[in-house]
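Here are some notes for a colleague who is opening this structure for the first time.

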Amino acid sequence: TLEDAPPGETVLLMNYEHQPADTPFRSRHAIFVREGVAERRFAPGEIPPAFAARQFMSLRAFDEAGMMIDADITPTAELTQAIDRLLANPEAAYLHAHYAGAGCYAARIDRV
């Protein structure tokens, strides 16, 4: 849901393959899943609550083949500008957002 679970709520710690492309950047990492909560989508430009609660986010830009072509660690207050800058590259097919501290995968960001 990209929202922090309230204290006491059950969360599941799982391993998730978020970058399945057959490249050196193929990747899987830990994610937390809130039990019994439906998928959530965000409007263009809307920053998820879990992102806003952190000071920094790591963004990675990938091309259609799944090769990383750019990356940035940005203050959350500047996240929208960093996303726009990375997606301005016509070779960037999508972005991955990671929490800067532990590096856990957070979300895929696509153009609309």
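1. Two rings of Phe, Tyr or Trp (for Trp, its six-membered ring) are taken as a pair if their centres lie within 6.5 Å. In this model, which is predicted, ring pairs link F25, F62 and Y94 into a cluster, and the count of aromatic pairs by this rule comes to four.

2. The pair of F51 and Y99 is edge-to-face, with 6.1 Å from centre to centre and 85° between the planes. Because F51 lies in helix α1 and Y99 in strand β5, this pair ties together parts that are 48 residues apart in sequence. F51 is buried, with a relative accessible area of 3%, and Y99 also counts as buried, at 17% relative accessibility, since the cut-off for that word is under 20%.

3. The pair of F62 and Y94, by its geometry, is stacked: the centres are 5.5 Å apart and the angle between the planes is 15°. F62 belongs to strand β3 and Y94 to strand β5, so here the pair ties together parts that are 32 residues apart in sequence. F62 is buried, with a relative accessible area of 3%, and Y94 is buried as well, with a value of 7%.

4. Which residues have the most contacts inside the largest nonpolar core? They are F51, L59 and Y99, in a core that has 19 residues. At least two residues of this core come from each of α1 (49-52), β3 (56-62), α2 (79-87), β5 (94-99) and β6 (105-110), and α2 gives the most, with five residues. As a general background to this point, nonpolar side chains in soluble globular proteins tend to be buried together.

5. The surroundings of F51 can be followed residue by residue. Leaving aside its neighbours within four places in sequence, F51 is in contact with L2, M57, T76, L79, A97, Y99, A106 and A107; Y99, one of these, is also the partner of F51 in the edge-to-face pair.

Methods. Residues are numbered from 1 along each chain as its sequence is written. This is a predicted model: local features need pLDDT of at least 70, side-chain atom pairs count only at pLDDT 80 or more; totals for chains, interfaces and linings use all residues. Side-chain values use heavy atoms; hydrogens and water are left out. A nonpolar core is a set of buried Ala, Val, Leu, Ile, Met, Phe, Trp, Tyr and Cys residues joined through side-chain atoms within 4.5 Å. Buried means under 20% relative accessible area, exposed over 50%, partly exposed in between (1.4 Å probe, protein chains only). Helices (H or I, at least four residues) and strands (E, at least two) are DSSP runs, numbered from the N terminus. Contact means heavy atoms within 4.5 Å. Rings of Phe, Tyr and Trp (its six-membered ring) pair if their centres lie within 6.5 Å; planes under 30 degrees apart count as stacked, over 60 as edge-to-face and the rest as tilted.
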